[in-house]
Amino acid sequence: MSVLIAIPARYASTRYPGKPLVPLTGASGNSQSLIERSWRAAMAVQGVDRVVVATDDDRIRDASEAFGAEVVMTSETCANGTERCAEAHEVLGGGFDIVVNLQGDAPLTPHWFIEDLVAGLRNAPDAGIATPVLRCDGDALNSLLNDRKHGRVGGTTAVFARDNSAMYFSKEVVPFTAETFGASDPTPVFHHVGVYAYRKDALAAYPTWNTGPLETLEGLEQLRFMENNHKVLCVEVEARGRQFWELNNPSDVPKLEEMMAAMGLD
């Protein structure tokens, strides 16, 4: 099955304008933009036929082409990354069996997250979309809770059934637990990793559906699949000692840089 990775990136983010071009400094002092680090993460994935940056902004296009990325220009009307990936896939001829949406704010995504994700979707013919989830340790859970305590929209959490089909995604921390955990203790909360793999028919159908109330309330694009009765498969991935976090707010920049320094990532 042929695989495309599309990295949707827009400049006009409501919460963080210009986010894709924000520089992140690695362990040795090397500075690269968020979009470049996300592209390099995509290029490290095995078994992928093509990697493109999908954007509607000339500044992101120019910066991406300068570091060697292939760019697909999409319209300004795309409501979210999934719609942008659908349009990019259509521009490219719509011939890939699986399209991976590696959102441009997740530069710490290890290659095995995506490799395991694609394998999970291949092995689940009843699912049109799959997405990774990572069990939180105490530190990660406390970071999520701290963001909500201070009114910041941080990471997303996922709840799923025994067959790994998603039950809900939320920017609140779910499920609720009153228990306290040590820094490295496993918790019952799963951090949703902002990557998606779609079968091409499900991706093509997505822009034809109206935005539902849950997607509107949470601002989470994957809920549109669930609101239209399409199974979303949650694929549990393993950190293997790697720290993971997305860049959602300006305050996340030093957090990501600290993580890169701790992991020795340049």
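W209 is buried, at a relative accessible area of 16%; buried here means under 20% relative accessible area, exposed over 50%, and partly exposed in between, with a 1.4 Å probe and protein chains only. F225 is likewise buried, with a relative accessible area of 1%.

Before I continue, a word on the basis of these values. The model is predicted, so local features need pLDDT of at least 70 and side-chain atom pairs count only at pLDDT 80 or more, while totals for chains, interfaces and linings use all residues. Residues are numbered from 1 along each chain as its sequence is written, and side-chain values use heavy atoms, with hydrogens and water left out.

I turn to the aromatic rings. A pair of aromatic rings is described by the distance of the centres and the angle of the planes. Rings of Phe, Tyr and Trp (for Trp, its six-membered ring) pair if their centres lie within 6.5 Å; planes under 30 degrees apart count as stacked, over 60 as edge-to-face, and the rest as tilted. The structure holds nine such aromatic pairs. One of them joins F113 and F244, a tilted pair with 6.0 Å from centre to centre and 50° between the planes. F113 lies in helix α4 (residues 111-122) and F244 in the loop between β12 (232-236) and α9 (252-263), so this pair ties together parts that are 131 residues apart in sequence. Helices (H or I, at least four residues) and strands (E, at least two) are DSSP runs, numbered from the N terminus. F113 counts as buried at 1% relative accessibility, and F244 is buried at 7%.

W209 and F225 form a further pair: their ring centres are 5.7 Å apart and their planes stand at 85°, so the pair is edge-to-face. Ring pairs also link W209 and F225 with Y196, Y198 and Y206 into a cluster.

Finally, the domains. Which residue ranges does the domain assignment give? Domain 1 is 1-110 and domain 2 is 126-241, with bounds from an automatic or database domain assignment. Their C-alpha centres lie 21 Å apart. The contact (heavy atoms within 4.5 Å) takes 19 residues from domain 1 and 16 residues from domain 2. The count between the two domains is one salt bridge, defined as a side-chain nitrogen of Lys or Arg within 4 Å of a carboxyl oxygen of Asp or Glu. R224 forms a salt bridge with E83, where the closest N and O atoms are 3.0 Å apart.
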